[in-house]
Amino acid sequence: MRNRFHILVSVFGLVLISASIISASEIEDKVDSLFIIASSGEIRYRDMVQPAIDSIAAMGEAAVPRMIEKYDTQDARERHTVSKILEKIGSPAVPYLLEALSIDDTEKVSRICYTLGNIKDSSAVEGIIGVCDNDDWRVRSSAIGALGKIGDSRANETVTVYLADTVETVRKSAAVATGRLLIGEAIPSLVHMLGDTFYGARMTAAEALVKLGEKSVTTIADSLNSKNELLGNLGCTTLGRIGGIAAAYAVAPQLESVSSIRRTLAVEGILLSNSSLACGFVEVMAETETDPTVRFFIQQVLDKYASQ
Amino acid sequence: MKTLIPFILVLVFATGLSAQGEPDSVYERRAVEHLMALLNLKLSDFSFREDYTKIDSFRLRTISDLMRNTYGMIEFADRLGDNCRGGDLAEALKFMFDNLKKSQQVGRGRPDEPYAVLIETTGMNLYYNTLEFNRLLSKVHACFNELIIPAQKETFSGLSDRQMEFLVNEFREIILEDTADASRPVDEIDSLAKVEEEYLKEFVEFGTGIKKDRLLDAGMIAAVEILSEIDILFAEIESGEITISRILSDTAAIPRRTGIASYLGKAPGWKIGGTGNDYHKGDYYFIIDFGGDDRYDLSYDPYNPHPVVIIDLSGDDVYNAVTDFAIGSGCLSVGLLYDIEGDDTYNGGNFSCGSGYFGFGMLYDKSGYDTYRGDTHCQGAASFGIGLVMDMDGPDLYSAALFSQGFGLTEGFGMIADYGGADYYLSGNKYKENLGLAGDDARFLSLSQGFGYGLRPYLSGGIGAIADFEGNDIYISDIYGQASSYWWALGILYDERGMDRYLSHQYAQGAGIHMSLGILADQAGDDFYRGHGLMQGCGHDYGCGMALDRGGDDIYQSRGLSQGGGQANGFGVLINDRGDDAYFVIDTHNTQGYGNPRRDFGSIGLFIDMAGKDLYAGNGSDNSYWKTRSKWGGGMDWEFITPDSAVVEDNDSHEE
């Protein structure tokens, strides 16, 4: 009797196992089949792409393992499609993606970080922080970028550290993340980055400072006479974009710079600041300025504030 | 009645020199630095990393260097012009060869130490008695046996028979398109794409074992040496010192028991044509034809690779490619065609008319109104090699479908150098673009006319160039063409003179697409640029495209993302040095100095006009600076070059 019971249990178990095997295989087949359409670039299939993406996403968690395998693709369109589908699946995909962060393939880890950032699930923060020290700059850049997108303050310290990364693209990602996380403590580092050798880092640092707003003004103003000309130049523009009287007045001394480019950017800063009071400085300088480029921008300021 | 006629105001633009005696490039650089400073950018920002993706072993040093300093493309285009301007074959070839050095390559034979040295053949029996003719024949014979065939063996010595077959079959399949693709179901297309991807992976495993420099070096020496002998022979015929009839009739009496094949010029696959209208059909090693309107039906067996030299001294000839790899085509070897006189027609197919496919192919046409027709990989096209068309004079028509007219695939430098006449370049109209890159309208792929191409992401691309020195030329392409490129490649179109028309739909006229580089450098003339988008100085996805026009009253028209447009971290630059120009765009939100963001940061788009009274429909205006609402871009129309004082008034007059 006991033997018969064991046999029955075993058979039932086998059925269950084989059923699950068939089921997994069916899911993979279905995902594969839909994925061909979902990732097709052919103009003839354009109308079918989104429904195919939606169909895979509707399969939810069940489709995730197969989709993660597809990160191996070397085709850019397929890669974007994988990410798009996983983002649409959202939080149910996160545990699988976090688990996949431990693999050695840094290209794949970098892509997974990108997807996690777009899913924006804060449960991924610790896992992403764990790969931020990867030797591959692409992983670091992608991970820091993801932390910024998720927007959880637990990442503040990590993100700030990477403002000084040796690779410019990582610094850029850190600057962007700093702006998203609004990390006030990072203002001095961001101001320093206005003179970065990489334009992507420079400009995104400026944008982060603009987001941080008035609290950045003093630090920027203090750095305008830096030996790094880029820092002072972009500082003028950044102050102008932050706007307001304080920013405009911080820019004003630069109108006397020996550099015509600096004077131009200072004039433009005042133009951007929307401070009609600071217009007076420009009006005064108009009387003596001879450089045609500076004069062109002076005229813009005077035109803008003429009525005021 | 005597009338004093005010005579001639000659506008002399000493090429590249402004009134101040400094090269235009100095002013261009100054202007770019000025605008960039106003945008909080600097010239060194024009730089891309090499390792956005895995670096493959086929990347060219020139492209790596220019990606690190994309502004260097202007200087590179100038050097291309300088090296090709005089029509010196050796100089042009050396420039091509020098720029085929790989990033990771340490030593090379050229330029100081050629791999091969030509040793004159001895021991052949002479059939013809004329010294000059025998010199030519013996030179060709020596080139074959002392240079090319040994080089051929060494180049592919590391490859198995199967791998050699792969080059002829699978790799060829990767390049060739099929018009039937337009109607295949999606799973079939996906399957075919996967198969081709597997081919590429297989090739990557053994492709670095191909030592192509050895073969290219042999090809270069042969091309120059044979041309030199042709010139001597032709000059002597022209001067009357020797006559063709004497050359052909003054022959040796052959001993009865001696095989004719042992006589110079009489070996199998060698043919000597006369002055009449001859018909040459087959797979030849060597043909020389002295005159007449000849017809050539040429074939080539790639499973039996061998050198080919065809020389036609005069007549309006028709060359037909019966198979792939015919008409000045080097497939796993060296193929040279020299046509000295006449209005010729070259009906090429795939891999024809100056095609180097794992080899060296050259078509040298010295004069006449010529017509070049072809399908894929033709008219100055190269993959792992050099493909060159040198057309020294006359207005010509170039018509091809795909990967043609100055096309460089991986480790290849393909070029058309055209020296005279108003030429017409047409590419496309056969293979449909099925991805809808340019919207829903059916368009055709061109990927031609100074186009560099890589096989993403496995093989970085090569260099494709057109250098046209005279005439009012017309360039027409559709999707991808006219100084553009894709994937770690470089496309150049250098046009020195004439009122040219550039018409294309998308990815053209100075466009670098996906980690790639393109520059259109027009030196003079009232030119017309027209297209839809992603052109006229446009870089996409870590790509840089530059449109440079140094003189003339030019007209630019496009719809969007052009005239200094950077997209997805790309750089797009338009620079116009002189002239009263007109710029028209329809989409003002992404043109004339525009950059858009990707990967959380921006691109760079610059628009610069340095002189003249210019007209704008778009963001710009005459004598002004502007910034666009973008990340990051702007433009300026500012007098950086003062009105040129090189206007020479000729006071001579004459009486009627």
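Which residue of chain A forms a salt bridge with Lys194(B)? Select Lys194(B) and look across to the other chain: the partner is Glu78(A), and the closest N and O atoms are 2.9 Å apart. Keep in mind as you go that this is a predicted model.

**Stop 1: the interface**

Show both chains in separate colours and turn to the place where they touch. Chain A brings 42 residues to the contact, and chain B brings 47. Together the two chains bury about 3600 Å², with 55% of that area on carbon and sulfur atoms. The Lys194(B) and Glu78(A) pair joins the two chains, and the rule finds six salt bridges across the interface of chain A and chain B.

Now select Arg202(A) and Asp45(B). Their side chains meet in a salt bridge, at 2.4 Å from N to O. Arg202(A) lies in helix 12 of chain A (residues 199-212), while Asp45(B) sits in the loop between helix 1 (24-38) and helix 2 (61-68) of chain B, so this pair joins two chains.

**Stop 2: chain A on its own**

The secondary structure of chain A has 18 helices and zero strands. Its radius of gyration is 27 Å, well over the 19 Å that the globule rule gives for 308 residues, so chain A is more spread out than a compact globule. Along the principal axes, the C-alpha atoms of chain A fill a box of roughly 110 × 45 × 30 Å.

Next, colour chain A by burial. Of its 308 residues, 55% are buried. The accessible surface of chain A is about 14200 Å², and carbon and sulfur atoms account for 54% of it. To see how the chain folds back on itself, consider contacts between residues at least 6 apart in sequence: in chain A, 65% of these join residues at least 24 apart.

**Stop 3**

Centre the view on Ile245(A), which lies in helix 15 of chain A (residues 245-251). How accessible is Ile245(A)? Its relative accessibility is 48%, so Ile245(A) counts as partly exposed.

**Stop 4: chain B on its own**

How many helices and strands does chain B have? The secondary structure of chain B comes to ten helices and 48 strands. The radius of gyration of chain B is 26 Å, close to the 26 Å that the globule rule gives for 656 residues, so chain B is as compact as a globular protein of that length. Its C-alpha atoms fill a box of roughly 85 × 85 × 45 Å along the principal axes.

In chain B, 64% of the 656 residues count as buried. The accessible surface of chain B is about 22500 Å², with 50% belonging to carbon and sulfur atoms. For contacts between residues at least 6 apart in sequence, 77% of those in chain B join residues at least 24 apart.

**Stop 5: helix 5 and helix 9 of chain B**

Stay with chain B and select Lys139(B) and Glu225(B). Their side chains meet in a salt bridge, at 2.9 Å from N to O. This pair links distant parts of the chain: Lys139(B) is in helix 5 (residues 131-155) and Glu225(B) is in helix 9 (residues 212-239), 86 residues apart. Lys139(B) counts as buried because its relative accessibility is 8%, whereas Glu225(B), at 28%, counts as partly exposed.

Now move along to Glu154(B) and Arg214(B). They form a salt bridge whose closest N and O atoms are 2.7 Å apart. Here again distant parts of the chain are linked, with Glu154(B) in helix 5 and Arg214(B) in helix 9, 60 residues apart. Glu154(B) has 37% relative accessibility and so counts as partly exposed. Arg214(B) has 13% and so counts as buried.

**Last stop: a network in chain A**

Show chain A again and select Glu28(A), Asp32(A), Arg66(A), Glu69(A) and Lys70(A). Salt bridges that share partners join these residues into one network.

Note on methods
Residues are numbered from 1 along each chain as its sequence is written. Chains are lettered from A and ligands numbered from 1 in the order in which they are written. This is a predicted model: local features need pLDDT of at least 70, side-chain atom pairs count only at pLDDT 80 or more; totals for chains, interfaces and linings use all residues. Side-chain values use heavy atoms; hydrogens and water are left out. Helices (H or I, at least four residues) and strands (E, at least two) are DSSP runs, numbered from the N terminus. Buried means under 20% relative accessible area, exposed over 50%, partly exposed in between (1.4 Å probe, protein chains only). The radius of gyration is taken over C-alpha atoms; the globule rule is 2.2 Å times the number of residues to the power 0.38. Contact means heavy atoms within 4.5 Å. Accessible areas come from the Shrake-Rupley method with a 1.4 Å probe; for residues, only the protein chains shown count as cover. Buried area is the accessible area (1.4 Å probe) that two parts lose on being put together, summed over both. A salt bridge is a side-chain nitrogen of Lys or Arg within 4 Å of a carboxyl oxygen of Asp or Glu.
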